[in-house]
Amino acid sequence: MSINKETKRITTNTIQKMKEAGEKIAMLTAYDYSFAKIIDGAGIDIILVGDSASNVMAGHETTLPITLDQMIYHASSVIKAANHCLVVVDLPFGAYQSNSEIALASAIRIMKETGAHAVKMEGGEEIIESVKKIVSAGIPVMGHLGLVPQSIYKFGTYTVRAKEETEAHKLRIDAKLLQEAGCFALVLEKIPASLAKEVTENLHIPVIGIGAGQHCDGQVLVMHDMLGINNEFHPKFLRQYLNIFDLATDAVKNYIEDVKNKDFPNENEQY
Ligand code: KIV
């Protein structure tokens with residue numbers, strides 16, 4: 001039996017054991033109660049309440065505008081549906097970059113006000129003091145390297161990161177620093193598969209990839225992309241499992257037609 005199935009509640013220890021046993025870790029984002037219920041019920045290992053909510057829920061162009069209060073709102077809804085999986089919440093842009101005191105205060109708000117199990121933070125060396133402070137307060141931290149969308153204006157593009165040796169070298173060092181600082185897992189976003197493989201093999205904590213190839217210990221996708229709710233985003237790394245956009249559009253068109261044709265409601269659909 002898989003470690004997931006024999007575990008009542010997935011914890012950071014469970015996903016560490018999964019890495020050691022070679023059992024792949026499946027993570028998806030969710031931002032609300034109803035979808036979290038489906039995703040948790042289907043048996044996911046980790047739900048990430050990602051700051052991608054800024055894009056897919058609020059319609060912003062980047063992840064920068066979403067606030068700590070808004071992340072807390074999304075996470076509080078998700079946690080009510082998550083009976084089995086580990087729930088990790090993104091610390092949003094502005095909630096941790098200033099200094100480690102502010103970072104800890106933000107992480108404490110997430111834990112206290114949502115009931116989530118861990119936080120995720122983007123960056124390497126620059127955030128190490130904050131990671132240490134949060135971990136030493138007893139809050140599990142997931143790192144995030146490679147394409148880090150909160151720094152989009154620094155890089156100016158969403159293309160593959162760390163293709164050049166200088167950036168790959170920094171990423172290797174940052175990954176080790178995050179592990180030493182106490183991160184329980186690391187997300188690698190949009191980097192060459194060969195580099196992700198090397199980092200995954202050299203770390204003892206689980207590495208979860210998005211656009212980082214098949215050798216990571218686990219994979220994460222944004223729910224709206226893999227379910228085809230969002231039909232405007234088709235990167236090479238994305239496997240779309242459903243086309244909710246088209247299915248929902250057809251359903252809504254049928255409803256409109258039925259109302260206009262006086263076909264809905266019929267005699268059986270009224271009191
Ligand atoms: O916010 C998010 O959805 C993420 C994933 C892309 C890893 O950080």
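Asn 202 belongs to helix H9; helices (H or I, at least four residues) and strands (E, at least two) are DSSP runs, numbered from the N terminus. Asn 202 is partly exposed, with a relative accessible area of 45%. The classes are buried for under 20% relative accessible area, exposed for over 50%, and partly exposed in between, with a 1.4 Å probe and protein chains only. Asn 202 lies 26 residues from Lys 176 in sequence, and the two are 8.5 Å apart in space, C-alpha to C-alpha.

This is a predicted model, in which local features need pLDDT of at least 70 and side-chain atom pairs count only at pLDDT 80 or more, while totals for chains, interfaces and linings use all residues. Residues are numbered from 1 along each chain as its sequence is written, and side-chain values use heavy atoms, with hydrogens and water left out.

Strand S6 (185–189) is joined to strand S7 (residues 207–210) by 4 bridges, and the two run parallel. Within this pair, Leu 186 stands opposite Val 207 in S7. The chain passes from S6 through helix H9 (residues 193–202) to S7 in a right-handed β-α-β crossover, right-handed meaning that, with the strands pointing away from the viewer, the path from the first strand over the helix to the second runs clockwise. Two strands count as paired if DSSP finds at least two bridges between them.

S6 also runs parallel to S5, with 5 bridges between them, and there Gly 143 has Leu 186 as its bridge partner in S6. How enclosed is S6 by the rest of the structure? S6 is largely enclosed, because 5 of its 5 residues are buried. Ala 185, Val 187 and Glu 189 point one way from the strand, Leu 186 and Leu 188 point the other way, and all are buried.

From S7 the pairing continues to S8, which runs parallel to S7 over 2 bridges. Ile 208 has Gly 218 as its bridge partner in S8. Strand S8 (residues 218–221) in turn pairs with strand S1 (residues 25–29) in the parallel sense over 4 bridges. In that pair, Ile 25 stands opposite Gly 218.

The domain assignment, which is automatic or from a database, gives domain 1 (3–240) and domain 2 (247–271). Their centres, taken over C-alpha atoms, are separated by 41 Å. Tyr 241 is in the loop between helix H10 (223–226) and helix H11 (244–260). This residue counts as exposed, at 52% relative accessibility.

The largest pocket holds about 690 Å³ of space. It is lined by 29 residues, and Ser 52, Asn 55, Val 222, Asp 225 and Phe 233 are the closest to its centre. A pocket is an open set of points on a 1 Å grid over the protein atoms alone, where a 1.4 Å probe fits, with protein on both sides within 12 Å along at least five of seven lines; lining residues have an atom within 4 Å of a point. Helix H3 (53–56), strand S4 (118–122) and strand S6 each supply at least two lining residues.

The second largest pocket holds about 500 Å³. Its lining has 25 residues, with Glu 126, Val 148, Ser 151, Lys 154 and Phe 155 nearest the centre.

Methods. Points joined across faces, edges and corners; volume = space filled by probe spheres on them.
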